[in-house]
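Hi everyone, thanks for coming. Please have a look at the structure on the screen, and I'll walk you through a few parts of it.

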Amino acid sequence: FCQPETSSELTHPPPPPPRTMNPSGGPVRRNIAKAAGSGDDPAQKQRSPNPSNSHTTAGKYRLRSQRGLVLMAIGICIVFLGIGGFLEPTRRFIIRRIRILGQSTLWTEGWTVINGGSYKTWKRAQEYYETQRPIIRESARNFSVHKYFSGVADYIETENVGWYDIIGFRAKDMARKLEEDGRDDFKVEKDKCVMMDFFKKNQFPMPQVLKVWKVKEIAKRDIRDDAQSLLGSTDFPVFLKCCHLTQGSSKSTIPLKSLDYVQKQWPYLSRWIDTKWKYRSDDWERPWAADMNKLTDSLIPGLLIQGPFHIPKGPGLQFMELKVEVLFGRAYLAVANEPYKGTILTRDGVIETYPGIVSQITNSATFNPPETSWVTDEGHLEHVWALAERAAKIMAVDEVRIDIFIRRGDPHGLAINENSLSSGMGYRMHFAFLAKIWASGHVNKWYKTFDSHIPVYQHTEADVPNEF
């Protein structure tokens with residue numbers, strides 16, 4: 001979330017003067033004992049060291065301090081220049097390569113050779129895949145994919161293809177359809193205003209959308225002058241979102257904490273709206289950026305305000321956002337960032353968590369920790385899978401990620417948040433298996449297809465041949 005820009009100045013007492021240092025790094029002391037046994041003039045014993053030596057060592061200390069400050073200043077300049085400066089292409093290249101490496105078999109399976117926990121986690125993912133593949137294949141035989149999405153099959157030549165590769169093929173195909181046929185069905189994901197309208201039309205449980213704007217001046221006027229009538233009857237925080245920006249790197253959502261906050265922070269909010277209205281998505285972190293940017297460049301800017309999803313108060317984990325991967329109408333797994341980044345939940349009731357930096361890097365899981373037991377004990381997952389599958393069936397899409405909020409103590413109180421046709425979430429040891437099932441469905445033609453002039457974002461259950 002974007003937060004208001006604040007600044008503060010801290011006043012510190014001046015640092016104490018530096019201690020005089022000798023060339024070996026320790027404080028200079030009068031070595032009287034040594035002088036006493038040396039046979040020197042007794043008067044010499046009482047003399048201080050040569051003042052010029054003290055000045056020399058103090059000067060060296062100051063020189064080293066100044067040199068350290070200069071090096072620090074140079075380092076800071078390099079960092080700032082690198083962000084948006086001459087090192088920006090290098091920085092982006094490195095981040096992109098790290099993301100590509102993270103979903104590769106080289107990374108995921110490489111750790112299994114040297115880490116027992118990684119091997120155990122990978123082995124479980126493999127066994128899970130083997131149980132789910134025939135179920136998804138059977139689901140696909142009764143599933144119809146819209147031709148807008150089935151075109152990705154033309155690019156897939158083998159089952160052994162990477163997750164990012166297939167998303168890249170999808171991006172290329174959607175960009176081609178926009179240029180050649182004018183099809184903008186991608187708006188079901190890339191335009192939040194359109195996405196929310198799709199959810200509302202199909203009566204999905206969701207946090208209430210309070211208002212949508214397609215004209216910036218009207219949006220600013222309403223938020224500035226009519227906040228009381230617009231937000232006075234709702235709970236806070238509410239969320240101001242940019243419809244045309246969906247990538248997390250765009251930082252396109254900001255919480256509005258109260259009516260008083262809107263009034264006091266209006267200069268900042270006004271600048272934020274102006275900046276984001278002009279901004280266009282750049283999915284530079286992903287290898288499919290060029291094609292996806294063609295899609296997002298075609299969007300008309302917009303804003304919406306959405307109400308909150310209420311989270312109960314209490315000890316421990318009370319809330320999760322489950323990002324569910326659905327393949328050919330069947331939910332395969334969910335990923336969450338609660339209680340730890342990259343938590344994986346599967347249909348067999350297993351929850352994989354990665355509580356430490358080592359487990360995060362090596363994908364070595366801790367299974368079914370007590371802090372997540374309420375998710376399975378209260379029966380949340382069966383409702384999550386069903387909601388995600390219904391959304392995928394209405395979209396008639398081969399693969400989609402559906403993001404769903406759940407809260408402790410209320411398994412029926414779930415709500416849909418958003419969707420993704422280009423998920424960059426981390427599926428850890430499941431990456432290769434997810435990609436293999438997705439590719440297999442296209443290589444082996446598991447599914448049926450249909451065509452329609454109705455854009456996907458206008459679909460209802462009545463517009464698709466799938467069973468509900």
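What you see is a predicted model, where local features need pLDDT of at least 70 and side-chain atom pairs count only at pLDDT 80 or more, while totals for chains, interfaces and linings use all residues. Residues are numbered from 1 along each chain as its sequence is written, and side-chain values use heavy atoms, with hydrogens and water left out.

Let's begin with the sheet. Helices (H or I, at least four residues) and strands (E, at least two) are DSSP runs, numbered from the N terminus. Seven strands make an open, antiparallel sheet in the order β10-β9-β8-β7-β6-β11-β12. Its edges are β10 (366-367) and β12 (415-420); each has a single partner strand, so one side of each has no neighbour in the sheet. Helix α6 packs on this sheet, touching β6, β7, β8, β9 and β10, and its direction makes about 145° with that of β7.

Now, please find strand β6, residues 319-327. Is β6 largely enclosed or left open by the rest of the structure? Nine of its nine residues are buried, so β6 is largely enclosed; buried means under 20% relative accessible area, exposed means over 50%, and partly exposed is in between, with a 1.4 Å probe and protein chains only. In a regular strand, side chains alternate between the two faces of the sheet. Here, Phe-319, Glu-321, Lys-323, Glu-325 and Leu-327 point one way from β6, while Met-320, Leu-322, Val-324 and Val-326 point the other way.

Who are the partners of β6? Two strands pair if DSSP finds at least two bridges between them. Nine bridges link β6 to β11 (residues 399-407), running antiparallel, and there Leu-322 sits opposite Ile-404. With β7 (residues 330-336), β6 pairs over five bridges, again antiparallel, and Lys-323 faces Val-335. The β6-β7 hairpin has two residues between the strands, and Phe-328 takes a positive phi near 50°.

Next, back to α6. Two packed helices are described by the angle between their axes and the distance between the axes. Helix α6 (residues 116-141) packs against α19 (residues 431-443) at about 20°, with the axes 10 Å apart. Axes are lines fitted to C-alpha atoms, for helices over the stretch in contact, and angles run from 0 to 180 degrees between N-to-C directions. The two helices are therefore roughly parallel; that word covers angles under 35 degrees, with over 145 roughly antiparallel, 65 to 115 roughly perpendicular and the rest oblique. Among the residues that meet are Trp-122 and Tyr-129 from α6, and Phe-433 and Ile-437 from α19; contact means heavy atoms within 4.5 Å.

Finally, the two lysines. Lys-177 is in helix α8, and at 9% relative accessibility it counts as buried. Its contacts, leaving out residues up to four places away in sequence, are Lys-147, Tyr-148, Gly-151, Gly-182 and Arg-183. Lys-341 is in the loop between β7 and β8 and is exposed, at 59% relative accessible area. Its C-alpha atom is 8.0 Å from that of Pro-355, which is 14 residues away along the chain.
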